[in-house]
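Please look over the sequence and the structure shown below before reading on. The report then goes through them part by part.

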Amino acid sequence: MIRVNHLWKEFNRQPVLKDISLAFEKGKTNLVIGQSGSGKTVLMKCLVGLVEADRGNIYYDDRDFSAMGFKERRAIRKELGMLFQGAALFDSLTVEENILFPLNMFTTMTKGEKQKRVSFCLDRVDLHNVHHLLPAELSGGMKKRVAIARAIAIKPKYLFCDEPNSGLDPPTAILIDKLISEITAEFNITTVVNTHDLNSVMEIGDCVAFIYKGELWWTGTRHEILHSSNKELNHFVYATELMRTLNPGK
Amino acid sequence: MKLFYHIGRYFILVWIILQKPERASIYRRQIVLEMDNLGLQSLGIVAIISVFMGAVVTIQTAFNTDHPLLPIYAIGFATRQAIILEFSPTVISLILAGKVGSRIASEIGTMRVTEQIDALEIMGVNAAGYLILPKIIASMIINPALVVISMFLGIFGGWVASAITGVVPLSNYVYGILFEFSQYDIYYALIKTVVFAFIIASVSGYFGFYAKGGALQVGHASTKAVVFSSIYVILFNLVLTQILLV
């Protein structure tokens, strides 16, 4: 479980996160939704320590991440997996080498064990015969799947996904969403997903938090989101004609 | 004030780079790879420039020291001294600052803007150490080797020029090359080269590591890396010459 307590962040005296407090539950896919520029990515970067929050605390299972030094954080980071918007695969390494990278760096597994783990991870994301391809030779969806395989290679306790299905066609986007959701349940990890895609929300949103202009406006489940009385959330959810057709009252 | 900001940030980066590696064997493999990328792949340009510069230095010296009081072997002597003391360590380092510096900055800068460095940091890897330290060590090992090759080829270029143009008889050229040879000159050149290699790799790594934005900014970072590493090479050339030769 990850808890965020009264988190504040500003850039050039412009507040980006304002007093955010919420919890991300273990074994569930926790979605953070909001418009572009609402502060979702900054929140995620604060969670993983890529951006330092000005105030507030972040707890990983009661371990205060905000109060930790460089070395302690590095230890926690070995429990994190992250899927970046652009996949962030190492472009000079093959698919296999990308997945092997964290295993080589942090484990004492034998060569055979590592190979087995790579094959398991690639099978798990339904990729075959791509071991020796470079990231440049993969499609967008395949890159995301390799990034998921790399993220789960060292059996993380926490998985972060920043806009996992941006730039993907709807069937591939749903495939990636389902994969994230299945992996979360299968390995009982705490998953946090940033998205503004309502298909993702309705597909995998066990817990949903809506951020508007840097403030937390609403939390609930994917079932509750369609019946919320929150004006800003409704504006976000019912922005498209399709959604308004589904729920004419909104 | 911005200058102090960059100097401070550069030294903090160097401190981070010099932290204990997570896995020494991976760093060792990276060093070998970088020796190939940064050193061996520069061998061609170093060889071509060295041969032609050696030839030009010999011809220029011959035409500008045409005096009855100056012995003819002085042309070989002057060529050797120019090549060993200045041309090979400094000019070759400046050329490597352009070739290798831009490569390092653009490679690391692209990794920064495509979030590959963030991915390394999230994994708990010391990204600065993993990306920059092998490049620094590889440069400090391979650049002196390149400079020694450059010295040999520069002097050989002078010999070829003498043979083709006849500006100096070959026996006089060879006598001048061997005349009052001091091993210290080689040590001096190699010490300079090692310092320049550190400057080129670390300064270029710095500009790449802190690149922000997109392709345009990576280009700017690459340009800055070349400009600043060249300036620091020239600056430290003066300082080291003063320290080592005086």
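## Overall form of chain A

The structure described here is a predicted model, and its chain A has 9 helices and 10 strands. Along its principal axes, the C-alpha trace of this chain spans about 55 × 45 × 30 Å. A compact globule of 250 residues would have a radius of gyration near 18 Å, and because chain A has 18 Å, its value agrees with that expectation.

Of the 250 residues in chain A, 40% are buried. If we consider the contacts in chain A between residues at least 6 apart in sequence, 66% of these contacts join residues that are at least 24 apart.

Strands of a sheet pair through backbone hydrogen bonds, and they may do so in a parallel or an antiparallel way. In chain A, 6 strands form an open sheet in the order β6-β7-β8-β3-β9-β10, and the pairing in this sheet is mixed. The edge strands are β6 and β10 of chain A, each of which pairs on one side only. Neighbouring strands of this sheet are turned by 20° against each other on average, if direction is ignored.

Both senses of pairing can be followed in particular strands. β6(A) and strand β7 (residues 158-162) of chain A run parallel and are joined by 4 bridges, with A:G81 standing opposite A:L159 in β7(A). Strand β9 (residues 207-212) and strand β10 (residues 215-220) of chain A, in contrast, pair in the antiparallel sense over 5 bridges, and here A:V208 stands opposite A:G220 in β10(A). β9(A) and β10(A) form a hairpin with 2 residues between them, and A:K213 in the turn has a positive phi of about 50°.

## The sheet of four strands

Another open sheet, of 4 strands, has the order β2-β1-β4-β5 in chain A, with antiparallel pairing. Its edge strands are β2 (14-24) and β5 (63-64) of chain A, and each pairs on one side only. Strand β4 (residues 55-60) of chain A pairs with β5(A) in the antiparallel sense over 2 bridges, and the bridge partner of A:Y60 is A:R63 in β5(A).

Most residues other than glycine have a negative phi. Which value does phi of A:D62 have? It is near 70°, a positive value in a residue other than glycine. A:D62 has its place in the loop between β4 and β5 of chain A, and this residue counts as exposed because 7 other C-beta atoms lie within 10 Å, where 12 or fewer is the limit for that class.

Phi of A:A87 is also positive, near 75°, again in a residue other than glycine. The place of A:A87 is in the loop between β6 and α3 of chain A. Is A:A87 buried or exposed? A:A87 counts as buried, because it has 26 C-beta neighbours inside 10 Å and 20 or more are needed.

## A pair of helices

Two packed helices are described by the angle between their axes and the distance between the axes. The axes of helix α5 (residues 140-153) and helix α6 (residues 170-187) of chain A come within 10 Å and cross at roughly 10°, which makes α5(A) roughly parallel to α6(A). By class, their contact has 5 nonpolar, 2 polar and 1 charged residues. In α5(A), the residues A:G141, A:K144, A:I148 and A:I152 meet A:T172, A:I176, A:L179 and A:I183 in α6(A).

## Where the chains touch

The contact takes 14 residues from chain A and 13 residues from chain B. On the side of chain A that touches chain B, at least two residues are supplied by each of α2 (70-77), β6 (80-83) and α3 (95-106), and the largest share, 3 residues, comes from α3(A). By class, the residues of this side divide into 9 nonpolar, 2 polar and 3 charged.

## A buried residue in chain B

B:N143 has its place in helix α6 (residues 127-165) of chain B, and it is buried, with 29 other C-beta atoms within 10 Å. Leaving aside its neighbours within four places in sequence, B:N143 is in contact with B:G39, B:L96, B:T193 and B:A197. B:N143 and B:A211 are 68 residues apart in sequence, and their C-alpha atoms are 26 Å apart in space.

Definitions and conventions:
Residues are numbered from 1 along each chain as its sequence is written. Chains are lettered from A and ligands numbered from 1 in the order in which they are written. This is a predicted model: local features need pLDDT of at least 70, side-chain atom pairs count only at pLDDT 80 or more; totals for chains, interfaces and linings use all residues. Two strands pair if DSSP finds at least two bridges between them. Axes are lines fitted to C-alpha atoms, for helices over the stretch in contact, and angles run from 0 to 180 degrees between N-to-C directions. Angles under 35 degrees count as roughly parallel, over 145 as roughly antiparallel, 65 to 115 as roughly perpendicular and the rest as oblique. Two residues are in contact if their C-beta atoms, placed from the backbone, lie within 7 Å. Ala, Val, Leu, Ile, Met, Phe, Trp, Tyr, Cys and Pro count as nonpolar, Asp, Glu, Lys and Arg as charged, and the others, Gly among them, as polar. The radius of gyration is taken over C-alpha atoms; the globule rule is 2.2 Å times the number of residues to the power 0.38.
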